[in-house]
Structures are given as C-alpha cells and as structure tokens.
Amino acid sequence: MKTKKELKSEYKQMKFPMGVFQVMSICNNKSLIDYSLDMESKWNRHKMELKFRNHRNKDLQNDWNEYGEENFVFEVLSELKEKEGENINYNKELKTLQSLVIEELSVENFY
C-alpha cells in the first residue's frame with residue numbers, strides 16, 4: 001500500500017490536458033469558450049455549477065435550466081502541449097490561444 005506522501009507525489013507528476021474548449025447549446029448554438037490548465041476539471045466545475053443552478057454566467061445558466069444538460073456539448077477546440085525544461089506561463093499562453101480560437105471561429109453567439 002502506498003503512503004500519502006507517495007500518492008501526493010504521483011498526483012503532482014500527473015499531466016492533465018490543457019487547452020481551449022467550448023460549452024455549446026445545440027438548441028441555439030451559443031457557446032462559452034474557456035481555457036484551463038486542466039480542461040476536464042474545469043468542465044466538471046462548470047457542470048456542477050450549472051447542476052446546482054449557481055453558474056456565474058446567468059445567460060448560460062438560464063439556457064441550461066430551460067433546455068437541459070442533454071442539449072449541451074463539451075468540445076475541445078485546441079490543446080496546448082507542455083514543453084519540457086522551459087519556464088512558460090501557460091495561463092498567459094492559454095489566454096492568447098483562447099483569443100486566437102475565438103477570432104478564427106468567428107463565433108458571434110457567445111455566453
């Protein structure tokens with residue numbers, strides 16, 4: 001059995017997919033485009049806030065309440081790979097990537 005220290009060390013060494021993703025309503029094609037160092041955790045946070053009717057984006061929350069979870073999709077738009085041995089501000093890189101993705105998609109229906 002592994003100790004807490006070993007488990008903690010293993011967790012810190014895990015690499016999570018980071019990038020830009022969207023939460024889109026298939027009823028009205030409105031999208032929330034977001035980014036994260038850990039996209040799966042961020043998507044889970046969005047889902048939990050929506051399920052508990054406490055999401056900070058009230059328009060998204062209203063549509064979620066009206067259309068239901070089954071009418072929303074989570075889609076990875078762009079993934080950022082970690083570069084070994086370099087000191088990079090990934091949050092800054094992801095914010096820039098988010099802007100580029102929004103510009104490239106020319107989406108006008110945002111939450």
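Modeller: Start with strand 2. Both of its faces are covered: Ser-31, Ile-33 and Tyr-35 are buried on one side, and Leu-32, Asp-34 and Ser-36 on the other. Buried means under 20% relative accessible area, exposed over 50%, partly exposed in between, with a 1.4 Å probe and protein chains only. Strands (E, at least two residues) and helices (H or I, at least four) are DSSP runs, numbered from the N terminus.

Colleague: What should I know about the model itself?

Modeller: This is a predicted model: local features need pLDDT of at least 70, side-chain atom pairs count only at pLDDT 80 or more, and totals for chains, interfaces and linings use all residues. Residues are numbered from 1 along each chain as its sequence is written, and side-chain values use heavy atoms, with hydrogens and water left out.

Colleague: Back to strand 2. How many of its six residues are buried?

Modeller: Six of the six, so strand 2 is largely enclosed by the rest of the structure.

Colleague: And in what order do the strands of the sheet run?

Modeller: The order is 2-1-3, in an open sheet of three strands with antiparallel pairing. Strand 2 (31-36) and strand 3 (72-80) are the edges; each has a single partner strand, so one side of each lacks a neighbour in the sheet. Neighbouring strands are turned by 20° against each other on average, direction ignored. Two strands pair if DSSP finds at least two bridges between them.

Colleague: How many bridges join strand 1 to strand 2?

Modeller: Six, with strand 1 covering residues 18-25. Phe-21 has Asp-34 as its bridge partner, and Met-24 stands opposite Ser-31.

Colleague: Now the helices. Which strands does helix 2 lie across?

Modeller: Strand 1, strand 2 and strand 3; helix 2 (residues 39-51) runs at about 30° to strand 1. Axes are lines fitted to C-alpha atoms, for helices over the stretch in contact, and angles run from 0 to 180 degrees between N-to-C directions.

Colleague: Which residues of helix 2 are buried?

Modeller: Met-39, Lys-42, Trp-43, His-46, Glu-49 and Leu-50. They cover an arc of only 125° around the axis, which puts them on the same side of helix 2. The arc is taken from the directions from the helix axis to the C-beta atoms. These buried residues pack against strand 1, strand 2, helix 3 and strand 3; contact means heavy atoms within 4.5 Å.

Colleague: What comes just after helix 2?

Modeller: Arg-53, with a positive phi of about 55°. Asn-57 is also in the loop between helix 2 and helix 3. At 16% relative accessibility, Asn-57 counts as buried. Its side chain reaches the backbone nitrogen of Asp-59 at 3.3 Å.

Colleague: Where is Asn-71?

Modeller: In the loop between helix 3 and strand 3. A polar atom of the Asn-71 side chain lies 2.6 Å from the backbone oxygen of Tyr-67.

Colleague: Last one. Is Leu-77 buried or partly exposed?

Modeller: Partly exposed, at 26% relative accessibility. Leu-77 is in strand 3. The C-alpha atoms of Leu-77 and Gln-22 are separated by 6.9 Å, though the two residues are 55 apart along the chain.

Methods:
Polar contact = N/O pair within 3.5 Å; in protein donor to acceptor, adjacent residues only side chain to side chain.
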